[in-house]
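Please look over the sequence and the structure shown below before reading on.

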Amino acid sequence: KMATSAIKKNENIIKYGLVIGHATKDITPGSWVHTHNMATNLMGEVDYKYEPEVRMLQPVKSQTLMDAFGFDDTAHFDKLCSDGILLKNDTTYRRTGDKSIKMVRICDDVDETQHKLTKKQSSVFELLSTVGSASVKEICYYTGVTTSVVDSLVTKGLAQYYDDEVFRVPKSSVNSKKEITLTEEQKNAYQSLLADYKSDKSVVSLLYGITGSGKTSVFMKLIEDVISDNKGVIVMVPEIALTSQLISIFKSNFGDKVAVFHSGLSLGERLDEYKRVKKGLASIAIGTRSAVFAPITDLGLIIIDEEQEHTYKSESKPRFHARELSKFRVSYNNALLVLASATPSVESYYNANSGKYHLATLTHRFGDATLTDVMIADMNEEVSLGNTSQFSSFQFDSTGMETSMYFFSPALRSPAFSP
């Protein structure tokens, strides 16, 4: 039941209001309210004796009102609008809303030891501690709990909900495969690595190539041979190097055979990629250090690019070094491990020179690219010559303008590096 009335409250008369029972505060024209009881005299003045709850409602579409009251047109509503009782808004609205997903994460600076957690709550807390954040649906799927367990952690102040916007990105077409053309030096490196792979023994090789020498092209050519033998490949790169461009290069050459593993994927996406590899639908796993766990049964090749990077070592549970795990996997599968870098780690370079690893080198840049000239400046000598700035002396051309500038590492000024 709804009616219009002159509402009296604290001796103030509001001539127009849409009333359902009693109200607790002044009602502005056009407001919708919920109350618990009906007024004794809707058409007259209403005498309020108590103040139950009042809630404002969201705007309602005219078609919804017409259906609710059984009207064929909006004439009745237009009359109420003209009398100032209802408000009509003709502003356009978006038919499509933002897509978001309900996520959960651990609150900052929490100590779970201060709270008594059930076994199910502990499993959820441990999962969030490992992955950082996850959707409610993923948590329930992987831990086997209901949403009430997650709610209890939020109530205890250990976790919090937040909405994460999801972008509906259409699938783009993959570029066509391009034929890989190698230079003479690249061919030599490729043939050396191919011989290591064909040896049917576990071999570790260091591909020592300067920046821009085309190590990726050598990888691609070698991967083609391994895939043609129906064997699997794992390619690991540092997180910062795992760009969409690199993934696009692999997918343009190998299509759906590529599975991607990195921390940016949700738990569900990681599971899907894991299952694709497990079922043999994808034979190439590319990703960060976690890709070393890809369930490739018939492994033929593992490639670790920029092998000197510290990010291949996990500092959190489970603690591991991707390079050491890779050595175990190639030993178990009689496969080839290729460590690639322009600045290899000390131990890898030592092992290559001592014969423990095989060594393949690329000393020239691909194509017409040339290396810049580099000068090593001894800043101790510069200081003795009166130059106390943080830059070495500049070389000047005939116009007196600087033609090059030399920077130095602060470590070179420590006593350990002094002559």
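What percentage of the 419 residues in the chain do buried residues make up? Buried residues account for 36% of the 419 residues, where buried means under 20% relative accessible area, exposed over 50%, and partly exposed in between (1.4 Å probe, protein chains only). This is a predicted model, in which local features need pLDDT of at least 70 and side-chain atom pairs count only at pLDDT 80 or more, while totals for chains, interfaces and linings use all residues. Residues are numbered from 1 along each chain as its sequence is written, and side-chain values use heavy atoms, with hydrogens and water left out.

**Confidence**
- The mean pLDDT of the chain (the predictor's confidence in each residue, from 0 to 100) is 77, and 74% of the residues reach 70 or more.
- Over residues 35-56 the pLDDT stays under 50, and the model has 58 contacts (heavy atoms within 4.5 Å) for them beyond four places in sequence.
- Residues 408-419 also have pLDDT below 50, and this stretch has eleven contacts in the model beyond near neighbours in sequence.

**Overall architecture**
- The chain has twelve helices and 16 strands; these are DSSP runs, with helices (H or I) of at least four residues and strands (E) of at least two, numbered from the N terminus.
- Of the contacts between residues at least 6 apart in sequence, 67% join residues at least 24 apart.

**Aromatic rings**
- There are eight aromatic pairs in the structure; rings of Phe, Tyr and Trp (its six-membered ring) pair if their centres lie within 6.5 Å, and planes under 30 degrees apart count as stacked, over 60 as edge-to-face and the rest as tilted.
- Phenylalanine 250 and phenylalanine 254 form a tilted pair, because their ring centres are 6.4 Å apart and their planes stand at 40 degrees.
- Both phenylalanine 250 and phenylalanine 254 are buried, and they lie four residues apart, about one turn, in helix α8 (residues 244-254).
- Phe69, Phe71 and Phe77 are linked into a cluster by ring pairs.

**Cysteines**
- The structure holds zero disulfides, a disulfide being a pair of cysteine sulfur atoms within 2.5 Å.
- Cysteine 81 is partly exposed, with a relative accessible area of 23%, whereas cysteine 107 is buried at 17%.
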